[in-house]
Amino acid sequence: MNLVVMIIQLIGNLGFLLYGMKLMSDGIQKSTGEKLQRALSVITENRFMGLITGLLITMIIQSSGATTVMVVTFVNAGMMTLTQSASVIFGANIGTTITAWIVSIFGFNFNISDFAIPVFGFGFFLAKLIKKSGFKGVGDTLMGFGLLFFGLSGLSSLFSPDQMGWLFTFGDHGILSLIIGFFVGIAITAILHSSSAFSAIVITMAYNGLVSWELAAAMTLGSNIGSTIDAVLASLGSSSDAKRAAFIHVFFNIAGTLFAILFFKQFLKLVVFLTPGGAESNIAIRISMMHTVFKVLSTALMLPFVKQIVKLSKKVLKDKPGDEQKVFHMDFTESSFGKDNIAAHIIRAEKAIKDMADHVTAMFDHIQLGFMKRDISFEEEHLEQLVGEEDFADQMHEQITRYILHIERLPVTDKQLDNLSIMIQVVDDLESMSDDCLSIGMLIKKSVDKNMTFEESDMERLVPYLELVRQFLQFIHININKHLNADKLSMAQELEDQIDAYRKNLKKVARKRLEKGADVKSELLYIDFVRNIEKIGDRAFSISEALSQTH
């Protein structure tokens, strides 16, 4: 019966600890907005900048798992190179040690249960009573701290010599105990999906004298391998490069751990030497120091060899034959244990929308070339590509929309929800543009197949008309995913007005020719050209209006 009660208490306190860490991480991310995640998406190739970025972001959001999942997501979306991802992952591994320091410094110097409840209460009232989103993020962070320390207090009471004295016998088998502890660290961290949570458990047990310094070190080293589970899960079903990013994370942790195991005694002596107070120091501080020294040494050893590690990942995970993307995929992979990062998903969706805008612009290029060279070669050189590209645009429309709808089901803010709705509208307009491009291509083919002739001057009048629409598409390309202020919206209105004016003039000229007895089929087809080209301008203005409403 006592064993059952202990298991229930362990599960309950772990729940407080894990949920507290999640709430704290989510609250910090809400407080900082999307700036931290966007910093990752625009990181330079400089490995030291990548290292510092990964370090700082992980220290702030309190989760190397969340940072690594973001990295895998961005690599999968083509927004970050493998070389960039490697240095960010190295930095994230150092940044994750901050939680162990928080636990060791604050967790055992006073009665944390007395501290946890007021902090949670203050955070609750801050989050629920003050409606401003910034205060809500701070409130959630304080609630997370409160729950974390409340769970830690419960674990500290549970992992006492009176309750779990049997653990003493676990550490009495020399090298065998260290091996078992190492694999326990791997297994429990993989189950909890949090090396920080397991580190808190190890620190608590060591502080209460249940496990020795050497056994605590072995368990902590094992947790570094178990923590790679999130990156591996995030890469499933992703691109080859995303899988390679996860491989780099796994390689870093395993290689560093093996190095520490090979020189285990010397490594622990170095940690003791670097810890104030040496062997007589607080064991909780010593474990935190060990975790940090391990991560820093691993990074120092591997950072100069980033390019070689990237090459190794490409040799281990080779591209499959026919990996060229003929089918558009944008799978939404939900992360486990609260490591979903809404901002990262939004950034990935924005990247896909930008790609779709580029894709539609390329389709319009085929149209311009088709008007310049309106002969039998158009079908072979341009129309077949247009058909395939329009099908690809349909796939993009479906996949991006489905992806955005998945994001909307996450706990997004009202501002994010409004922007997501606008993104769906933009994707709809881009898909309609691709339909218009194909329709114009089919009209060009029809004019060629039926040997329809047009006055050279009439075709020349289409050149500035097409160029105006091309300028509007370029305007959309430059401003896609950005907020359009009043001045830029005015520019869009001016382009729309110019296109409308050209359209009216061209249709007027065509009708006059009809009245004078020109070929009816040719003139009606010419009017269809004019009308369909103008539709693309209308869609571009619709996108401009939508972008002006973003926050």
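How many residues does helix H17 (residues 283-302) have, and how far does it reach from its first C-alpha to its last? Let's work through that and a few more. The model is predicted, so local features need pLDDT of at least 70, side-chain atom pairs count only at pLDDT 80 or more, and totals for chains, interfaces and linings use all residues. Residues are numbered from 1 along each chain as its sequence is written, and side-chain values use heavy atoms, with hydrogens and water left out.

**Exercise 1. Describe H17.**

Step 1: H17 has 20 residues and reaches 28 Å, close to the 28 Å expected at 1.5 Å a residue (1.5 Å times one less than the number of residues). Helices here are DSSP runs of H or I, at least four residues, numbered from the N terminus, while strands are E runs of at least two.

Step 2: Check the cover. In H17, 15 of the 20 residues are buried (buried is under 20% relative accessible area, exposed over 50%, partly exposed in between, with a 1.4 Å probe and protein chains only).

Step 3: Look at the N-terminal end. Asn282 caps H17 there, with a side-chain oxygen 2.8 Å from the backbone nitrogen of Ala284.

**Exercise 2. Work out how H5 packs on H15.**

Step 1: Start with the geometry. Two packed helices are described by the angle between their axes and the distance between the axes. For H5 (residues 82-95) and H15 (residues 240-262), the axes come within 10 Å and cross at roughly 35 degrees. Axes are lines fitted to C-alpha atoms over the stretch in contact, and angles run from 0 to 180 degrees between N-to-C directions.

Step 2: List the partners. From H5, residues including Leu82, Ile89 and Phe90 take part, and H15 brings residues including Arg244, Ile248 and Phe252 (contact means heavy atoms within 4.5 Å).

Step 3: Sort by class. The contact of H5 with H15 has seven nonpolar, four polar and two charged residues.

Definitions and conventions: Nonpolar A, V, L, I, M, F, W, Y, C, P; charged D, E, K, R; others polar. Polar contact = N/O pair within 3.5 Å; in protein donor to acceptor, adjacent residues only side chain to side chain.
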